[in-house]
Amino acid sequence: MVSSWLALTCCCGYSCRVPDDWDWFVQAEATLFKSRLASAAPAQSVELLLHEGIAYERCSVHEAPFSTNDREWLRSMKPSQEDGVLYRVPFDHASVLLRRRRALIKQGFCFVSLRDMACIAVHHFRSALRQQLTAFRRAIPARREELKRVQPIFDRIFAQLQAQTTNRSSASSSAGELPRITPQDIDQVAERHFPLCMRQLHRKLRANHHLKYDGRVQYRLFLKGLGFSVHEAMTFFRTEFIQIIPTARFDKEYAYHIRHSYGLEGARKDYRSLSCEQIIDGSAPRQGQFHGCPFKHWDSAALRQELYRDARVQPETADRIVHKAENGGYQSACRALLAASHASGADVDLQQLHPNAYVDASRVAAQQQQQQQNRM
Ligand code: SF4
């Protein structure tokens, strides 16, 4: 499962010279691995683990140590259609499932359904990848001279990989088959899968046909991260803006900045979309501005009202999310909204929150839900 990743790890690992990039790399690979598993038969996760020498004891819901209550709970979780097979897993291998209350703890072990063994496989994949990266990082000083020669090649490969994972346009994961988001379907995707910060900007752009400077920067870099080409971004913004200003004015005042974001003007830097930290720590929106992070910049009443309007979120969950935001847990509140937006069973584990990663996680979760329903 992991050994075959060594070559890629060496190449990209060397290029990831800051901790953020290492995390990004692990997260990107884990997401890809997870979406591949999602379209495979549940038993394949167990086979992969066995192939790596990781075996878990197998038992059935009908056996000890389960009480009648446990069995009922397990039945309600629909352990699997494979006659209630469960696996006895050390609880530190199943933290994601425990957070989502999808595993039963008994005698210091978690009992995990066959269907959820994919999460355990992802856990092992992630930690093996981290170990390999750490080992590789330690080996770098000894081979620094040698590696210097190939650094430019690594840099190019790494830049392309990052572009492919942040610009989803070019990537439609073969197993996950997440189709590219286009200007034509953005309204529907925005309501279902955008984080609140970007949903707000999208709605305001559609309603007012305009966004002020900070909002434009935040939203157009996010769209770039989604995979919009410069042509698509230009057409998308122009279509809205020219409803209230002449086309010539748009071309004179706004088009340059869109091209600039794509590295086609000025310093020709290829700008990346803003991270949650940049948005949260950035300037607060003033009257008529809609940028920022709603969990930080909105007052509790406005946030509560927005969450109450979302049919996917139960009122008590909405209250919990508002409470987290009030206590400064902005990203934690955002993760909780992501989880609440998908029925239980959806995989919304997101280690490093980013507006573009939120969209991916939400779409993968919806896809997994659909696949689970199809299997039932
Ligand atoms: Fe957007 Fe990040 Fe705030 Fe969520 S936490 S709303 S993704 S800025």
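Histidine 260 is found in helix α13 (residues 255-261), where helices (H or I, at least four residues) and strands (E, at least two) are DSSP runs numbered from the N terminus. The model is predicted, so that local features need pLDDT of at least 70 and side-chain atom pairs count only at pLDDT 80 or more, while totals for chains, interfaces and linings use all residues. Residues are numbered from 1 along each chain as its sequence is written, and side-chain values use heavy atoms, with hydrogens and water left out. Leaving aside neighbours within four places in sequence, histidine 260 is in contact (heavy atoms within 4.5 Å) with Glu265, Gly266, Ala267, Lys269 and Tyr271. From valine 230, histidine 260 is separated by 30 residues in sequence and by 9.7 Å in space, C-alpha to C-alpha.

An open sheet is formed by 4 strands in the order β1-β2-β4-β3, with antiparallel pairing; two strands pair if DSSP finds at least two bridges between them. Because β1 (57-60) and β3 (104-106) stand at the edges with a single partner strand each, one side of each is left without a neighbour in the sheet. Strand β3 pairs with β4 (residues 109-113) in the antiparallel sense over 3 bridges, and isoleucine 105 stands opposite cysteine 110 in β4.

Helix α9 (residues 196-208) packs against helix α10 (residues 213-226) at an angle of about 110°, with their axes 10 Å apart; axes are lines fitted to C-alpha atoms, for helices over the stretch in contact, and angles run from 0 to 180 degrees between N-to-C directions. In this contact Cys197, Met198, Leu201, His202 and Leu205 in α9 meet Gly215, Gln218, Tyr219 and Phe222 in α10.
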